[in-house]
Amino acid sequence: MELKIENVTKTFQKTPAVTHLNYTMENGVYGLLGLNGAGKTTLMRMLCTLLKPTEGRILCNGADIFRMGADYRKLLGYLPQDFGFYPDFTVKDYLMYIASIKGVHKAVAKKRVGELLVRVGLTKAENKKMRKLSGGMKRRAGIAQAMINHPEILILDEPTSGLDPNERIRFRNLISELAQDRLVLLSTHIVSDVESIANEILLMKEGELVHAGSPEKIIADIPDKVWKLSLGREEAVSCARQYKTANARSTPSGMELRILSAEKPHPEAVEEMPGLEDVFLSYFGEKAGEDDAVL
Amino acid sequence: MYFYLILERKRGKTMLYYEWKKILVKKGTKMALLVLAAVLAATCYFAIHDVYYVDDNGEHVYGLPAISRLREMKKEWSGPLTEEVIEKVIAENRRINDTKEGRADDVQSSNIAYGWKLGFHDIYYLLMRSFCKFREADYYKPNSLMPEDARYFYGNRVRSLQEWLEEPEQEYRFDDEERAWLIGRYEAVETPFYYDYADGWKQLFAFASTVIMLMMLVLAFVCASIFSGEFQQKADAVFFSSCHGRGKAVAAKLGAAFLFVTVVYFVTVLLYSVIVLGILGADGADLPIQTNHVSWKSLYSLTNFQQYLLIVFGGYIGTLFFSLLTMLVSARTKSAVLAVIVPFFILFLPSFVGGADMFWVDKVLALMPDRLLDMKQCISYFYLYRVGGRIAGSLHILPGLYSLLSVLLFPVIYAVYRRMQVK
Ligand SMILES: Nc1ncnc2c1ncn2[C@@H]1O[C@H](COP(=O)(O)OP(=O)(O)OP(=O)(O)O)[C@@H](O)[C@H]1O
Ligand SMILES: [Mg+2]
C-alpha cells in the first residue's frame with residue numbers, strides 16, 4: 001500500500017490551508033504533529049476524498065484517489081476530529097449501518113461488529129443510544145466504525161483529544177494493536193500520543209510539511225540543542241524570555257530551566273539529550289516572552 | 001453472477017432499512033406524525049360535524065345523530081334526475097314556501113321550512129346553478145321558478161356557458177376553437193343525471209385538500225432534514241468517505257424518503273377516506289360530479305369515484321414533487337430551514353402575484369404544483385393550454401407534468417448530493 005501526496009494545495013477563499021505538500025506513505029504508523037490551524041484536518045479530508053485539492057493529486061498505488069472513487073474508499077477507515085453520528089441510533093445499529101454503507105455484507109458485519117465491540121470495550125453499551133455515551137465511549141465507537149471494513153488505510157484525526165489520561169493510554173495501545181499491516185495516519189498536537197507508536201513523524205506548520213522522518217531521525221536533526229540550567233528566580237525569568245523554554249520548574253534555590261538554543265544560553269548551562277517534545281517546541285515553540293503562559 | 005446480484009440487492013436493502021430507521025427515530029419525525037394524526041382527527045371531525053338536519057322545532061342537529069335522518073330524507077329523491085323530478089322539486093319547493101312556516105319571518109319558522117327542503121336541497125342548489133348566470137350564484141333564484149321551467153334545466157348549462165363566452169371580456173381569453181372545445185366538453189356530459197344521497201363523497205371532497213395540503217407540509221418538514229441532517233449531525237465525514245457514500249448510500253436515502261412519503265401519504269388518505277365514507281356512507285360513487293353543485297360547471301365528465309381517484313393521485317404526485325424539491329434544496333444548501341421554506345413559498349406565491357388579476361398570470365398559476373394538492377379546484381378551472389396543437393385543461397397537464405419532473409428530480413438530487421464536499 002502506497003499513498004503518495006503530490007504537490008497538494010488546498011485554498012479556502014484565498015486562505016491557504018495546505019500548500020504544495022509532497023509526501024509518500026507506506027504501511028506503518030504516521031504521526032502528524034502540528035499546532036491548531038496547521039492544516040492537519042484539511043490534509044486528512046483530502047486523503048479521504050471529502051475535499052478536492054485546489055492543486056496537485058493524491059495517488060493510491062499509482063492511481064488518483066478521486067478517479068478510483070468507491071474502489072479507494074473501500075480501503076479507507078476514517079475517524080474525523082469532529083466525530084458526529086446519529087444520536088438516536090443504538091451503538092449496534094450505528095455500526096451495522098456504517099458497515100452497510102462501507103459495503104460489508106450483513107452476515108460478515110454482524111460478526112465484525114461483535115468482535116469490535118469487544119475490542120473497544122463497548123459490549124455492555126451495544127444497545128445504548130449513541131447520544132447517551134460518554135466522550136470516551138463515543139471515541140471508541142468512532143474507532144470501531146473506522147475499523148469495520150478492515151481498512152488498509154486508517155486515518156485518525158486527533159483520536160485522543162478530550163480523553164482522560166487512562167483512556168488516552170488505553171487508546172494508544174488500541175491504536176498500536178490496530179496498526180499492524182496497514183497504513184495509519186494519526187494527527188495530534190500532543191507529542192506523547194505518537195512518540196511510542198509512530199514509525200514516522202510529520203511536522204506540519206502553516207500548511208507546509210516542515211520536517212518528516214523516524215522519531216530518531218527527527219530528534220537527531222533538531223536545529224537547537226537542549227540545555228539544563230539552574231538559576232535564581234529573577235535571572236531565570238529573564239533567561240526564559242530570551243530562549244524557547246521547554247520546561248521551567250521552581251526549586252528551593254530558584255528555578256530549573258530546560259532551554260532550546262543553538263548556542264549555550266548561559267555559562268552554567270549543561271547540554272541534555274533531546275526528546276520529541278523538544279523537537280516539537282523547537283519547530284513550533286515561541287519564546288516565553290511571547291507567551292507568558294509558560295511561566 | 002446471480003449470487004452476486006442477490007448479495008447486492010440485500011446490501012441495498014440493509015442500507016434502505018437503516019435510512020428508513022434514521023427517519024423514524026428522529027424526534028422531529030415523531031412530532032410531525034403526531035401533528036398529522038391531530039390534523040387528520042380534526043378534519044374527520046369537521047367533515048362529519050358539518051352534516052346536519054333541522055328538527056321539527058327548527059333546531060339544527062349536527063354530526064353523527066343527523067346522518068341517518070338526512071340520508072333517509074335525501075334517499076327519497078334518489079333516481080334519474082329527469083324533467084319530471086325537477087318539476088316535482090320546483091313544485092315542492094313552492095308548496096313549502098307557501099306554508100305558514102314558509103311565509104313567516106321569524107327565524108324558527110323559516111328554519112322549520114328549511115328543514116323540510118333538506119331532502120331535495122342538493123337539487124335546489126343545482127337549480128340555482130342552472131338558472132343563474134354563469135358567474136352568478138343567487139341562492140333565492142329557485143324560489144322564483146315555475147314547474148314548467150324544468151325543461152330548461154339541462155339546456156341552461158350549455159346556454160349560460162355560451163352567453164358567458166360571448167361577453168366581450170372573454171374575447172381575448174378564448175379563440176373560436178377553444179370556445180367550440182369548451183362547449184363540446186359541456187355537451188359531452190351525459191344527461192339526465194342520476195341523483196342519490198352522496199354526502200359521504202361531498203364531505204370527503206370538501207376537506208380533502210386540507211388534509212393533503214397539511215400532510216404535504218408535514219412531509220416536507222420531515223424530508224427537509226433527511227439530506228442536510230448528515231451535515232448537521234456531523235456524520236457527513238464518515239458518510240462520504242465510506243465506500244457507497246457517494247453512490248448507493250445516497251440512493252438508499254432517496255429510496256427511504258420516497259417510501260416514507262408514499263406510505264404516510266396513502267395511509268393518511270386511506271384513513272381519512274375510510275373514516276369519512278365509513279361514517280357518512282359511500283353511496284353515490286357513480287354519480288356525475290355535476291350533481292354536486294360546486295362542480296356543476298365542470299368541464300369534465302367524471303363520476304364521484306373518478307374524481308376521488310384524481311384527487312388522491314394528483315395529491316400524491318404533488319406531495320411527492322414538493323418533498324423532492326425540499327430534498328433538493330436540503331441536499332444542495334445543507335440547510336433544513338431553507339429547504340422547508342420552499343414549499344411554503346410556492347404555496348403562498350399565488351396570494352402574492354395572484355392579486356394582479358391578470359388572466360395570463362392566473363393561467364400560469366393554475367399550472368403550479370400546489371394545484372395538484374387541490375385537484376377538485378382544477379376540475380373547475382377554465383384555463384386552456386395548447387399541448388402539441390391540442391387544447392388541454394390544467395387537469396390534463398398537471399399530473400403528467402409533475403410526474404415527469406418528479407421522476408427527473410430523483411437523479412438530480414442523487415447527482416447533487418453525491419458530489420458534496422465536506423468542509
Ligand atoms: N471550511 C473551511 N473554510 C475556510 N477555512 C478553513 C476551512 N477549514 C479549515 N480552514 C482553515 O484552514 C486552516 C487549516 O485548518 P485545519 O482545520 O486543517 O487545521 P488543523 O491542523 O486540523 O487544526 P486543529 O489542530 O485545530 O484541528 C485554518 O487556518 C482554518 O482556518
Ligand atoms: Mg484538525
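Residues from chains A and B surround ligand 1, so the site is shared between chains. A residue is near the ligand if one of its heavy atoms lies within 4 Å of it. This is a predicted model, in which local features need pLDDT of at least 70 and side-chain atom pairs count only at pLDDT 80 or more, while totals for chains, interfaces and linings use all residues; side-chain values use heavy atoms, with hydrogens and water left out. Residues are numbered from 1 along each chain as its sequence is written, and chains are lettered from A and ligands numbered from 1 in the order in which they are written.

**Ligand 1 site**

- The ligand has 14 residues around it, of which Gly37(A), Lys40(A), Thr41(A), Thr42(A) and Gln81(A) come nearest.
- By class, this shell holds 4 nonpolar, 7 polar and 3 charged residues (nonpolar: Ala, Val, Leu, Ile, Met, Phe, Trp, Tyr, Cys and Pro; charged: Asp, Glu, Lys and Arg; polar: the others, Gly among them).
- Helix H1 (residues 40-47) of chain A gives the most to the shell, with 3 residues; helices are DSSP runs (H or I, at least four residues) and strands likewise (E, at least two), numbered from the N terminus.
- Oxygen atoms of ligand 1 lie 2.6 Å from a side-chain N or O atom of Thr41(A), 2.7 Å from a polar side-chain atom of Lys40(A) and 3.0 Å from one of Glu158(A).
- The protein covers 68% of the 630 Å² of accessible area that ligand 1 has on its own (Shrake-Rupley method, 1.4 Å probe).

**Salt bridge in chain A**

- Over all chains, the whole structure has 36 salt bridges (a side-chain nitrogen of Lys or Arg within 4 Å of a carboxyl oxygen of Asp or Glu).
- One of them pairs Arg131(A) with Asp88(A), whose closest N and O atoms are 2.5 Å apart.
- The partners are 43 residues apart, with Arg131(A) in the loop between helices H5 (106-120) and H6 (135-147), and Asp88(A) in the loop between strand S6 (76-79) and helix H4 (91-101).
- Arg131(A) is partly exposed at 40% relative accessibility, whereas Asp88(A) is buried at 12% (buried is under 20% relative accessible area, exposed over 50%, partly exposed in between; 1.4 Å probe, protein chains only).

- Lys22(B) and Glu19(B) form a salt bridge at 3.2 Å between the closest N and O atoms.
- Both sit in helix H1 (residues 2-25) of chain B, 3 residues and about one helical turn apart.
- Lys22(B) is buried at 9% relative accessibility, and Glu19(B) is buried at 2%.
- Glu230(B) bridges to Lys253(B) at 2.6 Å, and the pair ties helix H10 (residues 199-232) to helix H12 (residues 248-280) of chain B.
- Glu230(B) and Lys253(B) are both buried.
- Shared partners join Glu19(B), Lys22(B), Glu230(B) and Lys253(B) into one network of salt bridges.

Note on methods. A polar contact is a pair of N or O atoms within 3.5 Å; within protein, one must be able to donate a hydrogen and the other to accept it, and residues adjacent in sequence count only if both atoms are side-chain atoms.
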